[in-house]
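Here is a friendly briefing on one protein model. Have a look at the chain first, and then follow the points below.

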Amino acid sequence: AGILPIPAALPARADDGKVDLQGEWTTDCLRIGKSDWHGVITRITIRGDRMHAVSQIYARNGCQQPTVQVRYEGTLDGGLKEHDSLLFAHTVTSITMTPNDADVVAHYNGDPKGVGCGLSGWKENTPFNVEGRTCAAANFAGKGDTLFDRAWIDGNRLRFAAFPVEWSNRS
């Protein structure tokens, strides 16, 4: 899903068969959505067993005009090294979505059962809990759900198989 540069001061390691994804990584502007119309930049921070991610979605694929921010909090549930990758699990503790644009708020409130995640009363710059909800094309995992992923370390870059594009990878 995302390719994330690793800061030189915080290398990820997979010594002795254990997973070590400690550090902070930020994606480039990634194209997402129908016909790659939108853009997203994600920052993932892993400290101890805590995983925190913020994905800022933009109106255009060059990452101009912020429209929606998604925040994820979770705990790492261990993992293992397998060949050239790291397999790991993480459990959702919180997922929120915050519209950053008045047009997005109007769109969400105008279609609460579709893009509005089954919620109403959206407000600009106000986070809403979206755990276990479907919001347009995003199917968010619920609080307490364990998600599985694979990561590859290549020099100073880290790439995930699913996160942060796939928010409900339960197998």
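The side chains of Arg43 and Glu24 form a salt bridge, with 3.2 Å from N to O; the term stands for a side-chain nitrogen of Lys or Arg within 4 Å of a carboxyl oxygen of Asp or Glu. Keep in mind that this is a predicted model, in which local features need pLDDT of at least 70, side-chain atom pairs count only at pLDDT 80 or more, and totals for chains, interfaces and linings use all residues. Residues are numbered from 1 along each chain as its sequence is written, and side-chain values use heavy atoms, with hydrogens and water left out.

**Salt bridges**

- Arg43 sits in strand 4 and Glu24 in strand 2 (residues 23-26), so their bridge ties together parts that are 19 residues apart in sequence.
- Arg43 is partly exposed at 42% relative accessible area, and Glu24 is partly exposed at 27%. Here, buried means under 20% relative accessible area, exposed means over 50%, and partly exposed lies in between (1.4 Å probe, protein chains only).
- The whole structure holds two salt bridges. Arg150 and Glu82 also meet in one, at 2.9 Å from N to O.
- Arg150 belongs to strand 11 and Glu82 to strand 6, so this pair joins parts that are 68 residues apart in sequence.
- Arg150 is partly exposed, with 25% relative accessibility, and Glu82 is partly exposed, with 30%.

**Around Thr45**

- Thr45 is found in strand 4 and is buried, at 14% relative accessible area.
- The side chain of Thr45 makes a polar contact with the side chain of Glu24 at 3.2 Å. A polar contact is a pair of N or O atoms within 3.5 Å; within protein, one must be able to donate a hydrogen and the other to accept it, and residues adjacent in sequence count only if both atoms are side-chain atoms.
- Setting aside neighbours within four places in sequence, Thr45 is in contact (heavy atoms within 4.5 Å) with Gly23, Glu24, Arg50, Met51 and His52.

**Aromatic rings**

- The structure has two aromatic pairs. In the pair of Tyr108 and Trp122, the ring centres are 4.9 Å apart and the planes stand at 70°, so the pair is edge-to-face.
- Rings of Phe, Tyr and Trp (its six-membered ring) pair if their centres lie within 6.5 Å; planes under 30 degrees apart count as stacked, over 60 as edge-to-face and the rest as tilted.
- Tyr108 is in helix 1 (residues 102-110), while Trp122 is in the loop between helix 1 and strand 8 (128-129), 14 residues apart.

**The nonpolar core**

- Which residues touch the most other members of the largest nonpolar core? They are Leu21, Met97, Trp122 and Val130, out of 31 residues in this core.
- A nonpolar core is a set of buried Ala, Val, Leu, Ile, Met, Phe, Trp, Tyr and Cys residues joined through side-chain atoms within 4.5 Å.
- Strand 7 gives the largest share of this core, five residues.
- Not counting residues up to four places away in sequence, Val130 touches several residues, including Ile95, Met97, Trp122 and Phe140.

**The whole protein**

- The protein has one helix and 12 strands; helices (H or I, at least four residues) and strands (E, at least two) are DSSP runs, numbered from the N terminus.
- Of its 171 residues, 43% count as buried.
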